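Subject: Handover of a two-chain model

Dear colleague,

I am passing on the structure below, and I would be grateful if you could read the notes that follow with it open beside you.

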Amino acid sequence: MPTCTTVPLRPPDVVMRLARLGSFHQSRLSFMRSLLRRMKRENWAFSRPVWRMDDQGVGVGVYTARGPSRSYSLVCFSHDLDPSKRSDRSIATEWDATFTLFDGVPDEHDLERLSHQVPRQEAGRVSDSEFSISRANRSVRLFEHVVASLAAGQQPDREKIDAVGYLMRTTAVYGSGKFGAASRDKLADRPEASQPFQLEMLSVYLIRAFTIDIVEHLAQRRAKKTAVRLDPSLRRRFGVGNATGLGMAPFLVAHPALINNWVSARETALARVRSLEKAGNREIARFGQLLNRFTRSCKYWNTTDQRQARRIEQLQADLAKLNIHIDTGALCEDHPWDRLYEWVEAELGLEAQELVVSLVIEPYGNLVDDLLDTMSVDERAHFVIDGAMTVDALQDIVQHSYGWALDIDFDDPASQEKYWYVSQNKLEPRVGKRATLAPLGDLEMPIAIGRDIAGMARALKAWPGTTPIAEFLLHHSEYRHLVRRAQLMDAFPYCEIRDNLLHTDALPLDMLRCKLSFFGATRFDPKSDRWTRITMFQHAPYPEDLANCEADDWTYAQGDVA
Amino acid sequence: MSDFSIKELEMLCLKAARGAGYPWGLAEEAGFSAGWAAKRGVTDLADFAAHLQAVGMHGHEKMTPKQGEFDSQHHFGPMCPIIMGTYLSDRGRQIDLQRTVVVEELACPLYLLAFLASVSSATDDWIAVSAPTFNAVVSADGLEISFVHGTRLLQAPETVTLSKAEFRPQAVQPVHARVSLRPEVLEQLTTLAARTYVPESDELMAADAGGANVDTD
């Protein structure tokens, strides 16, 4: 299929707004889905070479995924956690299970070494042979119900399963280069890791298999005579939960070129599909099928968060309008996807708009999937500042790409109420109120892009326009990181969130959702404006099923649709 | 000894540099420079940590060269290799290495090398570096270095001469994926990095990310 576009990409001023980023949904460009497609395409094989668990489910298990060139193994340490220590917060020091992704197949010496480090998580040190560390807690709402049901020879309640969606919930998945783990440099020549976050997604995918095995193990040890295994029709309804907080939010600011490539791929995919003159019957049917599935599954999108509940309610109303619009033959005219998008943008809310972006690219894998290969970036290649750029040229970039920041009145206390900092307790980003935190010293994270760009713009005015930026920076090194960002703009137009992240109304949650949507997360269930629960890999095939089923037809299947 | 990936080491050095008082952009460059030198095995970062301590005490502003002037008359004390290096890197192609560049009283000159690699990348020149304690040739991706005393010592500020090299680096330093830090160096860097953290009060912790203390999920 042709990949030229006659429809322009949506401009960064439209896309890179917090509210829109916070409405993104998973798509076929999400990393969980690309992982499963690759493993299916390359015929990966899976095994569980180690399973040493006692009656309480304490022990070690190893899951190995063998690709065409090399293997990776999830090493799982299962613990007997005192329920009073099962904290929902990141300050926890013990968990129901802890994991690491090992490069290859670990021997007994490796398992012994890891058994002393992985259960300690941040307090331990892993090695160049490991790519991630992570941990998970059992769902208080569901885990015991499933074990007890299976032990009694019964299947767990389907409605309860759908209400929660997972047996265990990860509270952190630390990737490359942290706590001693190997950095991405080691992955440079590995195709299976060339797209972003592939090994972290593999970790979670294998954790999901572990969660099923551990409940079946516990049920069997509890009642050998009566215990049954999970019914195949129920197994896929379990994903892996995740609780994600502020630690993830500054990632989007700290990796501007990478974020550009994610968003740019998504926008390019949309533009390619919008540029099509006609839609084939098969593509129209596929779009309709997925829209129908999502419409029906939306009722299983539960949340206790009032804001998100209102958004879901609005989305459901918009879906009803969209279905009527489609039924009137909206896709039978020329340039159907472009017309549809124009209509959606004019008539529906942000949640629905961004859902439609995900849906319209679904039938066109052969037109858009190559974009996954553009979603990584060598950040070092864009690290060096062009000091020969003149003050005039930098001012032009600021005027053109940061106009949104220059218009903000930063003297208004509400414009700077939020103060991002790193917590001494957990070494993780946090956000508080400036009035409380600013007196403690210059401890603010470099998140205040809009405010500081505005400051730089004022400083630039004092310099002759022909001055090289190298000279400006010699006297204003406080703006060095901003010059680096601004110089990315030409090549990476989607590199900057175009909103004031310090404003009292700015929602960190929107940044979390943006990043998680690229992972492929579903069922966003915010618990405040700064953390959310989500579900990963729900309805996906399990490793043992992958060879014999469709690898990529699971993300819009929820509830009674599965 | 603690074993680090280069990325983790760079992040630690970045935070330590920020803790020492560098602005964010310079702290990023400091992390890059420290990682570049460490993975080539030419430093154990003890002098980097000591340099950061000095920056923390005196302020980086006093170690900044005046525009285009690198002799000791134009700065107040030892010149910072990070600031000097970023200035050279920023100027890139504008640097004329046909004319020898003399930088007087440069603190920890080994941390200039990463930036000279950037200059080399921009100019396609190989750069010869001469100092009382070492001689080196730097290219965009390689480093040849010899220490006058056979091994490197904790460096006092030195006068460094930069010029265009006739030959590319020959006996190139191997690039390591991991670096070990001695406990005292790690302690110094982590102590500096800790200056960027906020000790959380109960009030702050109550408002931070995360749910209830008891997991009800």
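I begin at the end of one helix: just after H22(A), Gly520(A) takes a positive phi of about 115°, where helices (H or I, at least four residues) and strands (E, at least two) are DSSP runs, numbered from the N terminus. Before going further, please note that this is a predicted model, in which local features need pLDDT of at least 70 and side-chain atom pairs count only at pLDDT 80 or more, while totals for chains, interfaces and linings use all residues. Residues are numbered from 1 along each chain as its sequence is written, and chains are lettered from A and ligands numbered from 1 in the order in which they are written.

Helix H22 of chain A covers residues 508-519, and its twelve residues should span 16 Å at 1.5 Å a residue, which agrees with the 17 Å between its end C-alpha atoms; the expected span is 1.5 Å times one less than the number of residues. Twelve of the twelve residues of H22(A) are buried, so the helix is largely enclosed by the rest of the structure. Here a residue is buried if 20 or more other C-beta atoms lie within 10 Å of its own, exposed if 12 or fewer, and partly exposed in between, with C-beta atoms placed from the backbone.

Chain A is divided into domain 1 (31-252) and domain 2 (386-486), with bounds that come from an automatic or database domain assignment. The C-alpha centres of these two domains of chain A lie 40 Å apart, and the contact between them takes six residues from domain 1 and nine residues from domain 2. Two residues are in contact if their C-beta atoms, placed from the backbone, lie within 7 Å. On the side of domain 1 of chain A that touches domain 2 of chain A there are four nonpolar, two polar and no charged residues, where Ala, Val, Leu, Ile, Met, Phe, Trp, Tyr, Cys and Pro count as nonpolar, Asp, Glu, Lys and Arg as charged, and the others, Gly among them, as polar.

Turning to chain B, its secondary structure comes to seven helices and eight strands, and buried residues make up 50% of its 217 residues. Among contacts in chain B between residues at least 6 apart in sequence, 71% join residues at least 24 apart.

The contact between the chains takes 54 residues from chain A and 40 residues from chain B. Among the elements of chain B that give two or more residues to this side are strand E1 (2-5), helix H1 (6-20) and helix H4 (81-91), but H2(B) gives the most, with five residues. By class, the side of chain B that touches chain A has 15 nonpolar, 14 polar and eleven charged residues.

Strand E8 (residues 418-423) of chain A and E8(B) pair in the parallel sense over two bridges, two strands being paired if DSSP finds at least two bridges between them, and the bridge partner of Val422(A) in E8(B) is Tyr197(B). The sheet is open, with three strands in the order E9(A)-E8(A)-E8(B) and mixed pairing. Strand E9 (429-433) of chain A and E8 of chain B stand at the edges, each with a single partner strand, so one side of each is left without a neighbour in the sheet.

Leaving aside neighbours within four places in sequence, Val129(B) is in contact with Leu113(B), Leu116(B) and Val160(B), among others.

Finally, Leu473(A) lies in helix H20 (residues 469-475) of chain A and is buried, with 23 other C-beta atoms within 10 Å. Its contacts beyond four places in sequence include Val483(A) and, from the other chain, Asp90(B).

With best wishes
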